[in-house]
Amino acid sequence: MSPARLAVFGHPVAHSLSPRIHAAFGAQTGIAIAYDAIDTAPGSFADALAAFAADGGTGANVTLPLKELAHGLASTRSERAERAGAVNTLVRQGDAWHGDNTDGAGLVRDLTERHGLDLRGRRTLLVGAGGAARGVAPALLDAGISELYVVNRTATRTDALADALGEPGRVHPRYLEQLGELGEFELIVNATSAGRGGTMLSLPRSLVGVRTAAVDLSYAEASVPFLAWARAHRCRDTIDGLGMLVEQAAESFALWHGVRPDTTAVFESLQSRNALLVNAD
């Protein structure tokens, strides 16, 4: 039986750990897969995805900066993908793509089960309003956070995400210049890609309280600036995105193959060499 043809699309994507993670899942479950990394700029993504399907592709992951484009290319979408307005997982159904988003489920599972955080009632700040932020925001709300404040460099994207979430009583768009006025948060999530350049947004100390957990959706070098800020300001927990990456991959694997692999061994293997990793999906 020929292996299932899968891929991750992004730009850049050479750094992606997804091929390694899914190869480990395939070996664990006895499912034969062929998983590639395909670098495609936003303007050529639609053609690249069509060529992949024509060549027998049955499933794909989508990373930066293509998640919102993938939402538009999917003929059908799950409820969580619709709420997010972004797709990170594509499943071939007949002659069309079905879009889903496993980012939020992966993040919540990592935070609650691996790190033991109780998200219920946490006043939360989400920094960023792009595809990554859109993927995790609905799941954080469903996990029981009390309020979600969203800030981003571009005010229109902040407003668009808040509107899409449809919970004006709990979701509050704010602007960067207002950060110093927002008070303390019990959860701060960095969903920007600023760390890839070794920099980050300027965040005030006043955001941090006695039980603040700081979470970066990136890992390794990309997470260093934000997590260094969090440690310098004595956040109670500092967590990078490696666990989320593995958990969202397991959710995608289950969508394609009907079985959810165990993530513990894969995560521990990657975590043991986390200092050598380059970037984040």
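Biologist: Hi! What covers the buried residues of α2?
Modeller: In this predicted model, the cover over the buried residues of α2 includes β1, β2 (33-39), β3 (57-62), α3 (67-73), β5 (89-93) and β6 (96-100).

Biologist: And which residues of α2 are buried?
Modeller: In α2, which runs over residues 45-54, the buried ones are F45, L49, F52 and A53.

Biologist: How wide an arc do they cover around the axis?
Modeller: An arc of only 100°, which means they sit on the same side of α2. As background, an α-helix has 3.6 residues a turn, so residues three or four places apart point the same way.

Biologist: Nice. Which residues are exposed on the other side of α2?
Modeller: There you find D47 and A54, both exposed.

Biologist: What about just after α2, which residue takes a positive phi?
Modeller: That is G56, with a phi of about 100°.

Biologist: Changing topic: which residues does the UniProt "binding site" annotation cover?
Modeller: According to the unreviewed UniProt entry, the annotation covers S16, L17, S18, T63, N88, D103, Y219 and Q248.

Biologist: Let's take D103. Where is it, and is it buried or exposed?
Modeller: D103 is in helix α5, residues 103-114. It counts as buried because its relative accessibility is 3%, and the cut-off for buried is under 20%.

Biologist: What does D103 touch?
Modeller: Leaving out residues up to four places away in sequence, D103 touches K67, N88, G135, V136, M244 and Q248. N88 and Q248 are also among the residues in the "binding site" annotation from UniProt.

Biologist: Which side chain makes a polar contact with the side chain of D103?
Modeller: The side chain of K67, at 2.7 Å.

Biologist: And S16, where does that one sit?
Modeller: S16 lies in the loop between β1 (4-10) and α1 (18-29). With 11% relative accessibility, S16 counts as buried.

Biologist: Which residues does the "SDH C-terminal" domain annotation cover?
Modeller: The unreviewed UniProt entry gives residues 241-266. That span is 73% helix and 0% strand, and its end C-alpha atoms are 14 Å apart.

Biologist: One more: where is S146?
Modeller: S146 is in the loop between α6 (131-142) and β8 (147-151). At 31% relative accessibility, S146 counts as partly exposed.

Biologist: What does S146 touch?
Modeller: Not counting residues up to four places away in sequence, S146 touches G121, R122, R123 and R170. A polar atom of the S146 side chain lies 3.3 Å from the backbone oxygen of G121.

Biologist: And what separates S146 from V259?
Modeller: Their C-alpha atoms are 33 Å apart, and along the chain the two are 113 residues apart.

Conventions. Residues are numbered from 1 along each chain as its sequence is written. This is a predicted model: local features need pLDDT of at least 70, side-chain atom pairs count only at pLDDT 80 or more; totals for chains, interfaces and linings use all residues. Side-chain values use heavy atoms; hydrogens and water are left out. UniProt positions are given in the numbering used here, feature names are shortened, and annotations may be inferred rather than shown by experiment. Helices (H or I, at least four residues) and strands (E, at least two) are DSSP runs, numbered from the N terminus. Buried means under 20% relative accessible area, exposed over 50%, partly exposed in between (1.4 Å probe, protein chains only). Contact means heavy atoms within 4.5 Å. A polar contact is a pair of N or O atoms within 3.5 Å; within protein, one must be able to donate a hydrogen and the other to accept it, and residues adjacent in sequence count only if both atoms are side-chain atoms. The arc is that of the directions from the helix axis to the C-beta atoms.
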